[in-house]
Amino acid sequence: MGWYEVFNFLHIVTATAWVGGGILLAVAAGFAQRSPGPVFSGFSAVAARLGAAFFMPMSLLTLVSGVLVTALAWSFAELWIILALVGIAATIGIGMTIIKPTTDRIAELAQKEGPDSPAVRALNADLLRKGRFDQVVLVVIIADMVFKPGYGDLAVLVVMAAAIIAAAFAFLIVKPGGTLAPAA
């Protein structure tokens, strides 16, 4: 056993924890959203703490271990590695620029208006939709890591791009009820 196996194992375990934890969180949030009372807001508060304590470290460990695995056995010029790095950067960016600030706003608003106020529930629902987009990006990264598309693998690249475009449309552009979301 060499360093490649150690770092590859770490990469797979942290990616599994990061993505699997996010999928579980999204499913649980969907149940909490349909619960009466402040359950959804309480769940959101727990999820916000998990972001800093669990999801950010797992994402960074996934990135670092992936870079080490690539340095040991692959090339940074491989298309699938470039796509994985872009995807991971995008999802870390989503976490830092959308998810974290929104959870902070939810916590602040819940303190002022109460955890079950309509404004808090609306922000929580919006955050859940954006989190679902992030999860699709992560699943596409997993597909990228499994299929390892090269520059000539047009079908795989088109399917991956279509999944991200469809998720953006479903979770970021169209609001519940079929109306378009306002421009940022």
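This is a predicted model: local features need pLDDT of at least 70, side-chain atom pairs count only at pLDDT 80 or more; totals for chains, interfaces and linings use all residues.
Me: What follows α3?

Reply: G114 does, and its phi is also positive, near 100°.

Me: How many helices and strands are there?

Reply: Helices are DSSP runs of H or I (at least four residues), strands are runs of E (at least two), and both are numbered from the N terminus. This protein has 5 helices and 0 strands. Its pattern along the sequence is α-α-α-α-α. The C-alpha trace spans about 55 × 35 × 25 Å along its principal axes.

Me: How do α1 and α2 pack?

Reply: Start with the axes: lines fitted to C-alpha atoms, for helices over the stretch in contact, with angles from 0 to 180 degrees between N-to-C directions. Under 35 degrees is roughly parallel, over 145 roughly antiparallel, 65 to 115 roughly perpendicular, the rest oblique. Helix α1 (residues 3–33) meets helix α2 (residues 39–73) at about 160°, with axes 8 Å apart. The two are therefore roughly antiparallel.

Me: Is that crossing left-handed or right-handed?

Reply: Left-handed means the near helix is turned anticlockwise from the far one by less than a right angle; clockwise is right-handed. α1 passes α2 in a left-handed crossing. For residue classes, Ala, Val, Leu, Ile, Met, Phe, Trp, Tyr, Cys and Pro are nonpolar, Asp, Glu, Lys and Arg are charged, and the others, Gly among them, are polar. This contact has 24 nonpolar, 10 polar and no charged residues.

Me: At what angle do α3 and α4 cross?

Reply: Helix α3 (residues 79–113) and helix α4 (residues 118–147) cross at roughly 165°, their axes coming within 10 Å. That makes α3 roughly antiparallel to α4. Their crossing is left-handed. The contact residues are 19 nonpolar, 5 polar and 5 charged.

Me: Where is the kink in α3?

Reply: A bend is the angle between axes fitted to the seven residues ending at a residue and the seven starting there. In α3 the kink is about 35°, centred on G95.

Me: Which residues join α4 to α5?

Reply: The axes of α4 and helix α5 (residues 154–173) come within 8 Å and cross at roughly 175°. They are therefore roughly antiparallel. Contact means heavy atoms within 4.5 Å. Among the residues in contact are F133, V136 and F147 of α4, and M160, I164 and F171 of α5. By class, the contact has 13 nonpolar, no polar and 4 charged residues.

Methods: Residues are numbered from 1 along each chain as its sequence is written. Side-chain values use heavy atoms; hydrogens and water are left out.
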